[in-house]
Amino acid sequence: MRYALLLLTVGIFTTGCDKKSDESSNAGSGPNLAPGVVNLPGAQGVRKAVVRTVTEAELKSLHTFMYTAYATNGKVPTSQETWAAIQQADRKLVELIQAGVLILIPNPQPEGIWAYPQESLTKGGAVLTQQGVERKTVPEIQQLLQQQ
């Protein structure tokens, strides 16, 4: 994955740019891009894949913490307890939660969802349960969240 990102970065810098120097050259920029930054085809997909990969890796890390606490105390830690513990241990996980990329369930139940990436609500995907990181469809996620 790092090799692919390195190749993409090198390719961007070595191919040059035929961009005009006037303000109309920003027409291809996306709404979240700074002036003068062009949204290259495929770059957005790469960014999303990186976020998705990092999120699943962080979900596995979060599962390790939450499951250990569950096995030790007999109850799944609340979002406040989880937040307090991860602030000391996992900066990347903290950043993802603060950015709203990962959502912690306030009072998770052993048989329900413990955490999920925000995009899973609309696209389906990875969720964190007692079993670990699982892939679920949107209807499955909605049903599990209603049972919380």
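**Reading the labels in this model**

Trainee: Why does glutamate 56 count as partly exposed?
Mentor: Glutamate 56 has 24% relative accessibility, and the rule calls a residue buried under 20% relative accessible area, exposed over 50%, and partly exposed in between, with a 1.4 Å probe and protein chains only. The value 24% falls in between, so glutamate 56 counts as partly exposed. Before we go on, note that this is a predicted model, in which local features need pLDDT of at least 70 and side-chain atom pairs count only at pLDDT 80 or more, while totals for chains, interfaces and linings use all residues. Residues are numbered from 1 along each chain as its sequence is written, and side-chain values use heavy atoms, with hydrogens and water left out.

Trainee: What makes the meeting of glutamate 56 and arginine 135 a salt bridge?
Mentor: The term asks for a side-chain nitrogen of Lys or Arg within 4 Å of a carboxyl oxygen of Asp or Glu. For glutamate 56 and arginine 135 the N to O distance is 3.4 Å, so the pair meets the rule. Arginine 135 itself is exposed, with a relative accessible area of 55%.

Trainee: How many salt bridges does the count come to by this rule?
Mentor: The count comes to four. Among them is the pair of glutamate 95 and arginine 91, at 3.1 Å from N to O; these two stand four residues apart in helix α4, about one helical turn. Another one joins glutamate 134 and lysine 136 at 3.2 Å, and lysine 136 is partly exposed, with a relative accessible area of 21%.

Trainee: Why does threonine 82 count as buried?
Mentor: Threonine 82 has 0% relative accessibility, which is why the residue counts as buried. Threonine 82 lies in helix α3, residues 79-89, where a helix is a DSSP run of H or I with at least four residues, a strand is a run of E with at least two, and both are numbered from the N terminus. Leaving aside residues up to four places away in sequence, threonine 82 touches Leu62, Phe65, Met66, Pro77 and Leu104, where contact means heavy atoms within 4.5 Å.

Trainee: What makes a set of residues a nonpolar core?
Mentor: The members must be buried Ala, Val, Leu, Ile, Met, Phe, Trp, Tyr and Cys residues, joined through side-chain atoms within 4.5 Å. The largest such core has 16 residues, and Leu62 and Leu128 touch the most other members. The elements that give two or more residues to this core are α2, α4, β1 and β3. Apart from this core lies another, of six residues, including Ile105, Tyr116, Val127 and Ile141. In soluble globular proteins, nonpolar side chains tend to be buried together.
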